[in-house]
Amino acid sequence: MSLKIKINYRLFREIKTQLFKLVTILSAIAVILPLLLILKFVFVQGAGSLNLSFFTELPKPVGEVGGGMKHAIIGTIVIVMIGAMIAVPIGITCGIYLSEFSKSKLSKTLKLTVDLMSGIPSIVIGIFAYLIVVVPMKSFSAFAGGVALSIIMLPIIIKTSEEILKLVPNHLREAGLALGLPRWKVILFIILKGSIANLLTGIILAISRAAGETAPLLFTAFGNMYMSYDIKSPMATLPVQIYTYAISPFKDWQRQAWAGAFILMVLILAMNLFARFILTKIKDKKGF
Amino acid sequence: MSKSELSEKIILEAKNLEAWFGDFQAVKGIDVSYHERTINAIIGPSGCGKSTYLRCLNRIHEEIEGTHVRGQVLLEGQNIYDKKIDVVDVRKRIGMVFQKPNPFPSMSILDNVVIGLRLQGINKRSTLLEVAETCLKKAALWEEVKDKLSSLGTSLSGGQQQRLCIARALAINPPVLLMDEPTSALDPIATAKIEELMNEIKRDYTVIIVTHNMQQAARISDYTSFFVYGKMIEHGLSSDIFTNPKEKQTEDYISGRFG
């Protein structure tokens, strides 16, 4: 009798375990499925307009068939690069400050600022960049877009680099100091140099996040229909181009918007995968 | 080694040295002097402040938040805690080997040895290679790594890594070398190798070693200090301390009745 009860209890426990496992698996699927569906949906809608000329041609006037988004693809690359050139040096330096010289009042303020910054709606960042760059320069510009994107990237870069540097065990800092090296050399040439792959991953993640932003670019880079390399004037970007085409009444443009969306997603996905790739490559070999 | 063969020249001296972690005083009024080219062991039960004391001797203790030090440490007569002294110069002259082998993970064996010199601005490859060979030989590691100097330092075994760290410390040629339980994470064979090399480097360097292992202290050291609760109970020739201790507490500890 007692044996039978025991067996039943074990069965009951087993069911509970399996049920819980099922719930976790379902949640995982619930997260993965939308991404796959979005990818598929965007691909199906955009595939028709995807061809070589999409990458090599500029938009054609309404009514004419064909045309591409070369200017927007290049514009996105230019503006994201401007943003990265501003955000990466400042972000990494702030990360070093938080990880190596923390405990001061300034570092607590910085930490709070970073947390708040990552919560600011991107449209607000766009308006801010409009006020501090576009208004004084009296023109929408790629530079203003870069500034807006750098504000998006900053908190991500600061947070990841702080955490990456904090992972470096303290005894390595002591080992460097014990060699009679000044602190800045230990940080720069031992700690930072050893974490370079991880830091790079953080930077790529920040860049891929910023590359997909639309709202901060609406009032800053603004967009145009021509090829432009002038960072002092408006420049097209994929997200803004997609936005413009998607709300237009023309069927042809709407199809192109889908194609643009697909390219943008592939670009961001590729950057993320690349970041993961270097991380695993390095982790296998060495690292802290 | 008998007392007559030991150098009489004092190289390092602690005067009323005290150290704190916040409000907790870990080291209490240490007065001791170390002779040139000797091995000096520090023994004592866990938590007796011997590591903290050692870390005061090259001013690495102050790198921990909320700590402070009082008293003097004289290196060849000069107080290293003097306001005019640059802490970086102190550490160039008093090297340190830590409890856990800690080679820099992203660097090759060669880079690990010469990083101190390289970051001091010495970039001539032939000089660096020469120093690396000399120091790896002193650390009894040369034969094992001479064909793979460009492999990662962390690819070595624990015992080899610790000898690499010793070579790294020797590369900047400090007259004094501090060792904080350098063999406590190693197996007996690796330990024996390190003890052997200590006997070799003693010709050129003064070694101060913290150890949990009393047999080790008895085997390798010329002088031994016994610490309890941040105080130095006894300091003297190791042959005296281990055969004929003056203090009851020392005798109890080395005979295993306490600690």
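**Reading the sheets and the contact**

Modeller: Start with a sheet: six strands of chain B form an open sheet in the order E6-E7-E8-E3-E9-E10, with mixed pairing. The edge strands of this sheet are E6 and strand E10 (231–237) of chain B, each pairing on one side only. From one strand to the next the twist averages 15°. Two strands pair if DSSP finds at least two bridges between them.

Colleague: What should I know about the numbering and the origin of the model?

Modeller: Residues are numbered from 1 along each chain as its sequence is written, while chains are lettered from A and ligands numbered from 1 in the order in which they are written. This is a predicted model, in which local features need pLDDT of at least 70 and side-chain atom pairs count only at pLDDT 80 or more, whereas totals for chains, interfaces and linings use all residues.

Colleague: What pLDDT does chain B average?

Modeller: pLDDT is the predictor's confidence in each residue, from 0 to 100. Chain B averages 92, and 98% of its residues score at least 70. For chain A the mean is 89, with 95% of the residues reaching 70 or more. For the complex the predictor gives an ipTM of 0.91 and a pTM of 0.83.

Colleague: Which strands make up the open sheet of four strands?

Modeller: The order is E2-E1-E4-E5 in chain B, and the pairing is antiparallel. Strand E2 (24–35) and strand E5 (78–79) of chain B are at the edges with a single partner strand each, so one side of each has no neighbour in the sheet. Strand E1 (residues 10–21) of chain B runs antiparallel to E2(B), and eight bridges join them. In E2(B), B:Gln25 is the bridge partner of B:Trp20, and B:Val32 is that of B:Ala14. The hairpin of E1(B) and E2(B) has two residues between the strands, and B:Gly22 there takes a positive phi near 60°.

Colleague: Which residue has a positive phi although it is not a glycine?

Modeller: Most residues other than glycine have a negative phi, and most peptide bonds are trans. B:Ala140 has a positive phi of about 55°; its place is in the loop between helix H4 (125–138) and helix H5 (142–145) of chain B. B:Glu181 also has a positive phi, of about 45°, and lies in the loop between strand E7 (176–180) and helix H7 (188–201) of chain B.

Colleague: Is B:Glu181 buried or exposed?

Modeller: The test counts other C-beta atoms, placed from the backbone, within 10 Å of a residue's own: 20 or more is buried, 12 or fewer is exposed, and in between is partly exposed. B:Glu181 has 21 such neighbours and therefore counts as buried. B:Ala140 has 19, so it counts as partly exposed. Of the 259 residues of chain B, 46% count as buried.

Colleague: How many residues does the contact take from chain B?

Modeller: Two residues are in contact if their C-beta atoms, placed from the backbone, lie within 7 Å. The contact takes 21 residues from chain B and 19 residues from chain A. On the side of chain B that touches chain A, the elements giving two or more residues are helix H2 (87–93) and strand E6 (94–97) of chain B. H2(B) gives the most, with three residues.

Conventions: Axes fitted to C-alpha atoms, helices over the stretch in contact; angles between N-to-C directions.
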